[in-house]
Amino acid sequence: MVGENKLKIGVVIPTYNRAYLIRDALECVRFQTAKPAYVIVVDDGSLDDTEHVVEQWQSNYHNELHVAYLRQANQGPGAARNRGVQHLSSCDFIAFLDSDDLWPNMHLAALLDYIEQFPDAVACSRPFMETVFNQQGEKLSERLLSTELEPRMQGPQAIMSSMPGTSATMIRREVFITVGGFDERMRYAEDRLLFMKIACQGRWGHLGGEPVIYRNQIKSALSDQLSNKPHQNSRVYYAHRLDRALAYHVSQATPWTVGANEALWKAWHRAGRHFDKQKKYRIAARYYARAFQYQRVGKSLGRMIVACLRGAVKWP
């Protein structure tokens, strides 16, 4: 599949202080064998030369690929991606690409081929690989973060088995809007929360092939990035938001909701551990009890009992 496509694909590139990488991200979009209809760079309040780099790139390649540039006050990756999706209102699907990531040339073509094969799909993704570099640009290590899954693996179960990379994922815009997009109050795990919600809406293709590359550079203590500011109580907040989104699906017997109960159990159990470590035992006990409601697992029951005992007496 080369050139123009029947489906309109929009690309959202959120960025923050990535002047030294944003050109590479734009180049990998330009070299796609299946061209997107629109590309938008959402600058999340960069303090570097990002805007000038994007403008310079546009002046060189405006005949090949039209790229819109938006700037906003720093609000985090979720807000940046949401704003990009809002502006791409005429697109059928949205493909995300963080400015420090790289697509192989056939990335969009492979995703579009899957959508043509399964027109009912709500999303699809490809393998995602992390490569770690030092400040001199030397590669230190690499590891595969997500990989291909069998077609029968669907719903939250699939997300837990192989968490898709945001930059390796394309989502039906209508479904993205329906579930509310990225939670802008989260600076950590906002992608996991969104993907859990979308996975319950329908078919998700977890494809194979050449992986999308996440470039993780070891930086100085003064550097910053889009996801560097995790929510102080992210596990607690995540558990509450996930419960609001998935509790309804626990009782549904569809291929798309498999694993909803386990996902909720894990979220509440981990939130309980968060309070356990802070020695807030009575609160921890309530979270373990909530976890136990979703899966009758001895681990949660045991921790709930211990937390109750610790909360009832002074504990060192």
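Let me start with a term. On a 1 Å grid over the protein atoms alone, a pocket is an open set of points with protein on both sides within 12 Å along at least five of seven lines, and its lining residues have an atom within 4 Å of a point. Grid points are joined across faces, edges and corners, and a volume is the space filled by probe spheres set on the points.

Now the ground rules. This is a predicted model, where local features need pLDDT of at least 70, side-chain atom pairs count only at pLDDT 80 or more, and totals for chains, interfaces and linings use all residues. Residues are numbered from 1 along each chain as its sequence is written, and side-chain values use heavy atoms, with hydrogens and water left out.

Helices (H or I, at least four residues) and strands (E, at least two) are DSSP runs, numbered from the N terminus. Among the elements that give two or more residues to this lining are strand E1 (9-15), helix H3 (77-87), strand E7 (128-133) and helix H7 (190-199). What is the lining made of, by class? There are 17 nonpolar, 10 polar and 14 charged residues. For those classes, Ala, Val, Leu, Ile, Met, Phe, Trp, Tyr, Cys and Pro count as nonpolar, Asp, Glu, Lys and Arg as charged, and the others, Gly among them, as polar.

Stay with Ala189 for a moment. Alanine 189 lies in the loop between helix H6 (173-178) and H7. Its phi is positive, about 70°, although it is not a glycine. Alanine 189 counts as buried, at 19% relative accessibility. Buried means under 20% relative accessible area, exposed over 50%, and partly exposed in between (1.4 Å probe, protein chains only).

Asparagine 17 also has a positive phi, about 55°, and is not a glycine. Look for asparagine 17 in the loop between E1 and helix H1 (22-30). Asparagine 17 is buried too, with a relative accessible area of 16%.

Next, the cavity. A cavity is a set of grid points where a 1.4 Å probe fits but cannot get out. The count comes to 1 cavity of 30 Å³ or more. The largest cavity has a volume of about 40 Å³. Its lining includes Ser125, Arg126, Thr147 and His206. By class, that lining has 3 nonpolar, 5 polar and 1 charged residues.

On to the cores. A nonpolar core is a set of buried Ala, Val, Leu, Ile, Met, Phe, Trp, Tyr and Cys residues joined through side-chain atoms within 4.5 Å. The largest has 53 residues. Phe96, Ile171, Leu194, Met196, Ile198, Leu242 and Leu246 have the most contacts inside it. Which helix gives the most to this core? Helix H9 (residues 260-277) does, with 8 residues. A second, separate core has 36 residues, including Val54, Phe93, Trp103 and Cys124.

Take methionine 196 as an example. Contact means heavy atoms within 4.5 Å. Neighbours within four places in sequence aside, methionine 196 is in contact with Pro156, Ile159, Met160, Tyr238, Leu242, Leu246 and Ala263.

Valine 236 is in helix H8. Valine 236 is buried, with a relative accessible area of 10%. Leaving aside neighbours within four places in sequence, valine 236 is in contact with Ala271, His274, Phe275 and Tyr287.

Then helix H4 (residues 107-117). Its buried residues include His107, Leu108, Leu111 and Tyr114. The buried residues of H4 pack against E1, strand E4 (93-96), strand E6 (123-125), strand E9 (169-172), strand E10 (204-206) and E11.

Last, a sheet. This open sheet of 4 strands runs E5-E11-E7-E8, with mixed pairing. Strand E5 (101-102) and E8 stand at the edges, each with a single partner strand, so one side of each has no neighbour in the sheet. Two strands pair if DSSP finds at least two bridges between them. E5 and E11 pair in the antiparallel sense over 2 bridges. Leucine 102 stands opposite isoleucine 213 in E11.

In strand E7 sits glutamate 130. Buried or exposed? Glutamate 130 counts as buried, at 9% relative accessibility. Not counting residues up to four places away in sequence, glutamate 130 touches Ser141, Glu142, Arg143, Leu145, Tyr214 and Asn216.
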